[in-house]
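User: I have a model open and would like to talk through it with you. Could we begin with the ligand and then move on to the rest?
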Amino acid sequence: MPASASTTAGAAKPPTKNKALIKWVEEVAALTKPDRIVWCDGSDKERERLTKDAVADGTLIELNQKKRPGCYLHRSNPNDVARVEHLTFICTPTKDEAGPTNQWMAPDEAKKKLTGLCDGAMRGRTMYVVPYVMGPLGSPFSKVGIEVTDSVYVVLNMRIMTRMGKPALDMLGDSGEFNRGLHCLLDVNPERRYITHFPQENLIWSVGSGYGGNALLGKKCLALRIGSYLANREGWLAEHMLILGVESPEGQKTYVAAAFPSACGKTNFAMLLPPKRFDGWKVFTVGDDIAWLRPGPDGRLWAINPENGYFGVAPGTSYKSNPSAMKSLVKDTLFTNVGLTPDGDVWWEGMDNEAPEGTIDWQGKPWKKGAEGKVAHPNSRFTAPMANNPVLSKHVDDPEGVPISAIIFGGRRATTVPLVLQSFNWVHGVFMGATMGSETTAAATGAVGVVRRDPMAMLPFCGYNMGEYFRHWLHFRGLLKYPPRIFMVNWFRKTKEGKFLWPGYGENMRVLKWIIDRALVRTGGAETPVGWVPREGDIDLSGLDISSEAFEEATKVDLNEWRQELESTKDFFDTIGPTMPKALKLQRELLLGVIDAAQGK
Ligand code: OXD
Ligand code: MN
């Protein structure tokens, strides 16, 4: 459809001379046939205009502007509240390239299916062209994407989550190298929902969902799935990791990156508030979900956060659990599927206060005290600008990023995995990441303590063959003169009676300090057959109400449990098949052999 057909405000004519971009947008418009095309510039005026449109058509509900200026609530279709791994496809020329852990569809088949679905799908609607940058503006690490979408909610979220609009077009110039992302809501029906990735073409095509991880194409689709494919090809790493900086009272800054599966407290750790005992220590957030890591010219590993905001899980977030997150939500934030209080504010389970009478639940229904059902959907979200974060790192826009001294892998494990464990070397560290997992609960699956392996927390996000991905990690060691030390943590170990052994939250600072001290080779530890653990006295426990028995239990390495753990990883390695690197298979056997030797077998 010709751009001149536009009737609404906003640039209908391409504000660029980039031939490849104009051609692609014309092709998309010819397929989807929108009534209007709007090229987004990312300005405040544009935000005001689009927000007004979104309130007028019911996409957004205005919240109390005195309490939460610039904040709005969105209620999604109840069938569309989460990422859909079973409808997410990696469309590589061969199935082997996608590997055994991904859903695969042949590129031609996927394109045929989605072309059929998108033909005329934007008739009567507005097509927004959203140029955006993942990563700091002007950084050689950053990538430009163009998302074409018919969802104003997506545009307003992308505006928070990425550097969006004119700066992206400026950065792109006349280059044809950008990620192409087409997003169509269709009728938001799971029957017609496909999140497809074409890594070889740097192309994403997502239809039938308006939910964040499926529809904000810069995040999981570009920054992780396509990103990990590009990273393998170009010699860097795209990881599901937070990045934080720790500043000592003397002003020494150290940065760490950490991968935890969903619901294991990544945002909380990225915004950790040190306890009283650590007066003078500060933790700064660089990123809370995604890290792009590269070898620097100095031989160290450097990381940027490609995002510009936080798309965080609301339930459980409170001034007690994460004051910096709460302060990030006081203005210019979009809330999705949370409760609405009578005074026009938001509420979710785990907030500091009770839900007031008259609260409306996430589906727009009145909620009564004592009634069954949640006020907020368990996966309800906030989309907040990172600039709101009171502990945002000053270096978040640095084009080179920050140097990483330690990498942490974490999971939710009731047994076996100690509070913290340092790997012997890089290969052992990669093995720790490759075998990390989280235990399911009885409520979720009916089977307690079943470990779902989630290598590097990337199982749903690796855009190519997982065995190749491990090989890339192993190879990466050779690109670093000063590799970060690799650790494993577990905040969730329990007593036999089911009580958590470690208090978690801000107290994790104590573990973080040991990790940093180990990475900088300035504190002790004890060698066990499966890695290094802190000895009594290596971790500062002063002012903490924990018995030495509980600490010993939290940090214990039980060799029988570890034998079981290592034996159980074989099945997972077998599912990876022939691409599983030999070094990791041998590492597994070596650890088992060392346990045998330690036990005199
Ligand atoms: C996730 C997220 O699902 O960050 O991991 O939203
Ligand atoms: Mn995530």
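User: Which residues are around ligand 1?
Analyst: In this predicted model, the residues around ligand 1 are Arg83, Lys219, Lys220, His240, Ser262, Asp289, Arg381 and Phe461.

User: Changing topic, how is the chain divided into domains?
Analyst: Domain 1 takes in 19-39 + 84-234, while domain 2 is made up of 239-305 + 396-558. Taken over C-alpha atoms, the centres of domain 1 and domain 2 are separated by 32 Å, and the contact takes 29 residues from domain 1 and 27 residues from domain 2.

User: How much area do domain 1 and domain 2 bury between them, and which three residues of domain 1 supply more of it than any other three?
Analyst: Between them, domain 1 and domain 2 bury about 2400 Å², with 56% of that on carbon and sulfur atoms. On the side of domain 1, Phe141, Leu224 and Asn232 supply 29% of the area buried against domain 2, which is more than any other three residues.

User: What about charged and polar pairs across that interface?
Analyst: The rule finds four salt bridges across the interface of domain 1 and domain 2, and it also finds 16 residue pairs in polar contact there, both residues being at pLDDT 80 or more.

User: Which helices supply the side of domain 1 that touches domain 2?
Analyst: Helix H3 (95-98) and helix H8 (218-234) each supply at least two residues of that side, and the largest share, ten residues, comes from H8. By class, the side of domain 1 that touches domain 2 has twelve nonpolar, eight polar and nine charged residues.

User: Back to salt bridges, how many does the rule count?
Analyst: The count comes to 33 salt bridges. One of the pairs is Asp119 with Lys33, whose side chains meet at 2.6 Å, N to O. That pair links distant parts of the chain, 86 residues apart, with Asp119 in the loop between helix H4 (107-118) and strand E5 (126-134) and Lys33 in the loop between helix H1 (19-32) and strand E1 (36-39).

User: And how far apart are the closest N and O atoms of Arg452 and Glu85?
Analyst: Arg452 and Glu85 form a salt bridge in which the closest N and O atoms are 4.0 Å apart.

Notes. Residues numbered from 1 in each chain as written. Chains lettered and ligands numbered in written order. Predicted model: local features only at pLDDT ≥ 70, side-chain atom pairs only at ≥ 80, totals over all residues. Heavy atoms only, no water. Domains from an automatic or database assignment. Contact = heavy atoms within 4.5 Å. Buried area = accessible area lost by both parts, 1.4 Å probe. Polar contact = N/O pair within 3.5 Å; in protein donor to acceptor, adjacent residues only side chain to side chain. Helix = DSSP H or I, 4+ residues; strand = E, 2+ residues; numbered from the N terminus. Nonpolar A, V, L, I, M, F, W, Y, C, P; charged D, E, K, R; others polar. Near = heavy atom within 4 Å.
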